[in-house]
Amino acid sequence: IDCNSLRYPSLYKPGQQNLLFNKRQFFLCTLQGLGTSFLLFFIPYGAFSVMVKEDGSQFSDQQAFAVTIATSLVIVVSVQIGLDTHYWTAVNHLFIWGSVTVYFAILFAMQSDGIFGIFPSNFQFIGAARNCLSEKSVWLVILLTTVVCMVPGLAVSFLRVDLFPTLTDKQNLRRVRRTSSRRSAYAFSHQQGYGELITSGKNMRMSSVSAAPSAGKSPHSSNWIENMLKRKNEVLISGFGNKSK
Amino acid sequence: MIAAMMASSYNAKEEDGHHSGSSSHGGAGAVKSKKPDNTAFKQQRLPAWQPILTAGTVLPAFFVIGLIFIPIGIGLYVTSNNIKEFEVDYTGVDINSPCYSCAKNFSWNSTQSCVCSVNFTLEQPFESNVFMYYGLSNFYQNHRRYVKSRDDSQLNGDLSALMNPSKECEPYRTNDGLPIAPCGAIANSLFNDTLDLYYVDSNSTKTPIPLAKKGIAWWTDKHVKFRNPSGNTNLTVTFQGTTKPVNWRKPVYELDPSEADNNGFINEDFIVWMRTAALPTFRKLYRIIQKKSGTTPTLPSGRYILDITYNYPVLSFDGRKRMILSTISWMGGKNPFLGIAYITVGSICFFLGVVLLIIHHKYDTRNNSADIPN
């Protein structure tokens with residue numbers, strides 16, 4: 001796998017200690033879900049209590065209300081997932097933007113004239129999406145709901161990364177100062193140089209591991225590379241202190 | 001220590017893989033390797049963008065959100081304040097109100113409708129198109145069983161559904177053995193008050209104000225969702241074999257006999273009523289007062305008289321009826337909630353940005369010396 005995972009094995013500790021998914025995390029997630037649901041209903045509720053369309057015809061009807069809340073929900077969830085995604089590859093782009101696009105496609109398909117003609121009693125929302133989403137005030141409501149749902153989460157996670165950074169966050173912050181964003185196996189040149197290593201003579205001593213075919217060809221099969229790794233891990237473990245065994 | 005063991009075990013495995021690979025190449029080479037292809041997609045080496053939450057990205061985002069939302073909120077609030085609106089409650093609860101006698105003496109069997117008059121004064125003239133709404137309070141059009149009580153096939157003009165309405169309409173499905181057209185509780189509770197507006201000028205002459213009754217329903221409703229049953233152009237013949245809803249005074253083909261495309265199921269008042277409201281206090285568009293050419297205001301300031309044909313009883317469930325006159329703007333009607341909400345959220349974001357900046361700055365300067373060397 002990556003050179004990174006070998007370089008910072010302490011990153012595996014949160015997984016082993018079940019820090020990322022335990023009862024407390026689950027409870028906090030549930031709480032966030034409750035808060036978001038509350039906001040998703042009551043902000044459009046407040047806006048819809050007196051709302052009319054641009055041409056004056058009535059607007060505060062059930063179907064427009066439903067379409068507004070559903071659209072806000074899909075957008076809030078997509079934005080939340082987008083912010084939580086750590087690596088935006090082409091696949092991620094496809095699925096996240098694709099979800100939002102497919103939602104709108106299905107929404108307009110379900111509320112089109114054609115399908116109403118076939119099943120009038122089952123597809124009663126005809127025309128609701130067209131009339132609702134062409135109103136500027138509805139989009140303003142959706143934007144407001146999205147921002148209100150995202151801002152607390154964003155503030156909390158920013159504070160968490162700033163004040164109590166985990167090992168992953170520290171490593172991410174270190175990586176952000178470099179330019180490499182391709183997850184490749186060749187990241188070795190970003191280490192500190194070998195000068196100190198050679199002059200200290202450490203690599204000369206540990207020659208018991210002899211299975212390496214040749215030095216310098218692949219990064220994983222040299223002695224002094226192993227020593228570098230060991231030394232780096234020792235620095236890391238001692239540096240982060242409290243979790244070393 | 002664990003790390004070193006992990007590293008060395010990994011090395012050993014890959015060297016084994018290398019060895020077996022090289023040995024198979026040296027030999028017959030017929031054994032296919034089970035390793036996945038070395039493409040970027042399968043080895044998870046796709047080019048990726050990594051959004052990291054640093055202070056450089058999050059704090060400006062908060063400030064930008066605050067700076068965008070506050071002007072939007074101010075714009076919305078100012079626009080909403082410029083919309084003129086006038087409301088008059090004519091339920092007749094108070095003994096001094098003009099419609100008190102009509103409200104008290106209401107009965108379902110009365111043939112003669114009760115008329116009452118409400119006088120009011122407009123302080124400011126209303127310009128451009130003025131919209132007249134009727135508003136109801138404490139009327140739960142969003143009750144689950146009420147919302148289901150309709151037959152959209154029948155309202156779309158399906159002849160088989162006309163004679164055989166769906167079961168959802170119970171108990172307003174048949175009456176005296178004949179099917180009800182339109183069936184259901186929503187249709188049955190159609191609002192049937194008639195409101196007329198008169199302007200009283202300085203000579204005390206009462207001039208009626210023209211009220212347009214077309215163009216009040218959604219286009220998709222009027223032209224796609226609701227259709228009269230096909231057959232005869234004479235709607236009386238088309239609806240033969242059906243009966244009017246229980247609480248209506250006239251049958252559906254007499255809703256507007258003067259205009260053919262506002263009669264029957266496609267009557268716009270009926271369509272507006274059938275679009276159920278989301279909340280118990282709602283308003284529905286009743287009439288439009290078109291703007292006059294030139295600079296004369298549509299509704300000049302002065303005294304007005306509202307004549308009401310009181311047909312709709314609401315006191316039994318403690319409801320209220322109102323008439324609302326309102327102008328509109330690009331964002332719809334008078335809606336102070338949105339403007340205030342935007343201003344509030346914008347200021348909170350901005351304030352939060354400032355607080356986070358202070359926290360980050362204090363923490364940064366405190367922690368600089370203790371930073372772990374890279």
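## Basis

The model is predicted: local features need pLDDT of at least 70 and side-chain atom pairs pLDDT 80 or more, while totals for chains, interfaces and linings use all residues. Residues are numbered from 1 along each chain as its sequence is written, chains are lettered from A and ligands numbered from 1 in the order written, and side-chain values use heavy atoms, without hydrogens and water.

## Helix α3 of chain A

Helix α3(A) spans residues 23–48 and includes A:F27; helices are DSSP runs of H or I with at least four residues, and strands are E runs of at least two, numbered from the N terminus. The axes of α3(A) and α4(A) (residues 62–84) come within 10 Å and cross at roughly 140°. Axes are lines fitted to C-alpha atoms over the stretch in contact, with angles from 0 to 180 degrees between N-to-C directions. Among the residues of α3(A) that meet α4(A) are A:L40, A:F41 and A:Y45 (contact: heavy atoms within 4.5 Å).

A:F27 counts as exposed, at 52% relative accessibility (buried is under 20%, exposed over 50%, partly exposed in between; 1.4 Å probe, protein chains only).

## Salt bridges

The structure holds 17 salt bridges over all chains (a side-chain nitrogen of Lys or Arg within 4 Å of a carboxyl oxygen of Asp or Glu). One of them joins B:R283 and B:E85 at 3.2 Å, N to O. B:R283 lies in β8 and B:E85 in β1 of chain B, so the pair ties together parts 198 residues apart in sequence. B:R283 is buried at 13%; B:E85 is partly exposed at 28%.
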